[in-house]
Amino acid sequence: MENEEVKKIKDWMNTEEYKEKNFSRKAIVINPERACQPLGAVLCAAGFENTMAFVHGSHGCVAYYRNSLSRHFREPFAAVSTSLTEDGAVFGGQANGFEGFKNASALYKPKMFAVSTTCMSEIIGDDLGSIVGSAREKGHLSENIFAPYANTPSFVGSHLEGYDSMLNAIIETLGKKSDAGKTDAINIIPGFDTTIGNINEVKRILKIFGINYLVLADYSNTLDSPLNGEYKMYPDGATKLEDVKSCVNNKATILLQKYSTKKTAAMLSEKFGQEARVVKSPIGINYTDEFLMTLSELSGKEVPKELEDERGKAIDSMTDAQQYIHGKKFAIFGDPDMLIGLTSYLLEMGGIPKYVLCSNGTEDFEKEIEALFASYSENQGEVYIDKDLWHLRSLIMTGPVDMLIGPSHGKFAAREAKVPHIRAGYPIFDRVNIHRYPIYGYSGVINLTTWIVNKFIDILDDTCDDAHFELLR
Amino acid sequence: MAVNFKEQEGIVEDILSAYSERAKKNRKEHIGINDKETCGTCVAKSNVKSLPGVMTPRGCAYAGSKGVVWGPVKDVINISHGPIGCGHYSWGTRRNLANGEAGVENFVPFQFTTDFKERDIVFGGDKKLEQAIKELHELFPTAKGIIIESECPIGLIGDDIEAVAKKMESEIKIPVIPIRCEGFRGVSQSLGHHIANDIIRDFVVGTGEIDESKKTPYDVAILGDYNIGGDVWSSMKIFKEMGLNVVAHWSGDGSIEEMKITHGVKYNLLHCYRSMNYIAKHFEETYGIPWIEYNFFGPSKIKESIRSIAKLFDENIQEKSEEVIKFYEPKMQEVIDKYRPRLEGKKVMMLVGGLRPRHIVGAYEDLGMKVVSTAYEFAHADDYERTTKEMEDGAIIADDMNEYEFVELANRLKPDLVASGIKEKYVFQKMGIPFRQMHSWDYSGPYHGYDGFEIFARDMDMAINSPSWKLVKPLWKK
């Protein structure tokens, strides 16, 4: 094509007219930041001791989940499928299920299979419960191996629901209510959180508090395992199955995400009578404070001075650096709970979360963001649910922002708009080690502030004229 | 040195002992010890179902069609038709680079999907597809075609995507092409390549008008180069220097416009035999266009390939080709002189897709390295026929090799480098074994052509000889 013609079309793509056209589409989805249910189920499995993710479906699906998760965590990721093919579509997938259990048991010797489905096994109508049950009866699946199962159709929800359904199945299947009453321990459910640093930060806070805790599903070690010359298919440090059995007798469960744990939270309180407390993801000062208050309330312990000092240091870093964020406009995207936290943090800093865009957000989520905006009257933003990154592109080309925050896929829009892009959420494929740093807690406040502010300063240094290229910033 | 076949067989036998009898019988047929004299199928059985419950590296037909063959075609829109996941996972993860303004001339960096919900499964997705195509045509008026890549549900719920495609094509006046590449079809990506080739044959080939005045006796097309990290560009440079005129490149940085006029070329030059032999054969049968396989990994194979391609043309091309070889040989010798002493005798184990497990062997050998085992995800019998000749006697050749076998084999063969994909990368790195991703060139490349070899040599050296590997064991455990 002629350069002029290309430019003409490109310019048209940056107009209000194009934006309207773009926002009026009903059927095609373009660059959504959303994966499918089984990915969440498979991730959840990685948080449990000697557990093999077992997906009833084609092996192509599992290859995709493993690729995706390995790229983000930069770690091995084990999962198997029942390798369904055309015969499965005709005769059902039971035979593959039986053989799958048999082969995987012999080779990988798991203590648990976390069984999930794909669109194919859902559509052909395979009954997962009866496949697992018959596999046991016929001796393909040993009684010594747990096999909780969850339906995770790819055409419903996103990776968040898949995580929830699998976790729900694991706890519901293994959990055993004791007559001895409640322990003083608190369960922590991080939800679909691929920032390993967050889970480690939460554990650190609980240790400082002196609270007995149990993280479910804890993949902070299995997906961040040491390189020491030995490959372990099941690295140490995942949630122990014995602990899963007794977790329903712990005093309470704190869920650090709302939108990836709904089923699990309801099951814990309804079936096991456990207090299931959903808190806001502890991003920013306010939500971290709330998390600590919840810990204090549930444990009966005062917030330790050590954490109060950490808080002071975080506030110190914020107030010192706020001048670089104040009044700056941000477009943020990714999973809903992270977005609520990031919105709150940016507002605390005097930033303007101009666009909050969620490809898997609900109306509840929309209301939560609007309530946050309302509480800071000067910094109104816009929230978009069920929208994709091509929508986001139209937004930032017509109403510019200073920075994008979200997963790697946002880099295309950021480049077109010529604005920086800070990586957060899932997936991060193009930066190393980011997922090892928390955005939770007071440490997370310092990390976010460091990344955002230094990025702005880097740009200032890279683009200013010589006279303004100053030592002091 | 005499090859101890018994010892190699013992290794395989030992690894297979972990399986149940039935699985063992199955897998035994897929792993063999190379003997240059024997037939490929005698060494490894291929292109059959994977064992359920075993961690196969294989993907699906959708991955073969959308991910491999059609995905790199930059001027068309590929719709991942069905639920959200498949398009998400195959979005920007293959490194098939393309020039051109995104959204106008180039749709490679996008993820387009009809995002099926439960109601689409229940009531069918044809109406949604029709609407989606209309919207795409409005939003991207310069797209030269719309390709419907079926995900699993399409074939299971009985949608008629062919009817939708036909209707919409007459409405929007650009090709709208339906592909039945549902992931459950076949046993691996390979059937997806075949299906995509057949669809190109039926919908694209021969549909373009050839400008006779622009035709030259040196017109060629490249088939089966996906421009990973810029491979097509470094290959085209050589062809151009040989005096050839590359009319089309399938499909890396390629376009449907080029595919439509490929039937006007003199020869098809085929790099990835596995994924595009079908269309090469079609051009030969229907248009009488001969095809030739070539290998642009490493100077030895490049030289061989340049000469065998030059032979097809006149003296003018042959002379120029010799000049090309003469020009690059000293540069390549410099690369070899620099890296060979650092890599001599190093042992490599490979597991890649359907071409590279044999095609890269020569490049390693140019650096003095030895490929002790090679394995394919989705090769067929004809690939194994070609493989036995490339490998040393006694090397282990495996088909659809799963993670368990790969790890156990590495424990016994003690390679200095493992060359495979992202799923395998961190497994071997945890074992302290240097690794390079050989699907994506590990975010480097190109590896094709003379320019590529220099990068390949540097990358293999830095993988194996990085000082960081020496830190794996702490002082107190040494």
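These legends walk you through a few close-up views of a predicted model.

Local features are described where pLDDT is at least 70 and side-chain atom pairs where it is 80 or more, while totals for chains, interfaces and linings use all residues. Residues are numbered from 1 along each chain as its sequence is written, and chains are lettered from A in the order in which they are written.

**View 1. Where chain B meets chain A.** Here 70 residues of chain B are in contact with 66 residues of chain A (contact: C-beta atoms, placed from the backbone, within 7 Å). Elements giving two or more residues to chain B's side include α4 (61-70), α7 (126-139) and α20 (422-430); helices (H or I, at least four residues) and strands (E, at least two) are DSSP runs, numbered from the N terminus. The largest share, 7 residues, comes from α7(B).

View 2. Look for A:Val29, whose bridge partner in β3(B) is B:Thr113.

**View 3. Domains 2 and 3 of chain A.** Chain A is assigned domain 1 (37-174), domain 2 (186-305) and domain 3 (312-466), with bounds from an automatic or database domain assignment. The C-alpha centres of domains 2 and 3 of chain A lie 25 Å apart. Across this boundary, 24 residues of domain 2 are in contact with 25 residues of domain 3. On the domain 2 side, α10 (196-209) and α13 (284-299) of chain A each give two or more residues, and α10(A) gives the most, with 7 residues.

Notes:
Two residues are in contact if their C-beta atoms, placed from the backbone, lie within 7 Å. Two strands pair if DSSP finds at least two bridges between them.
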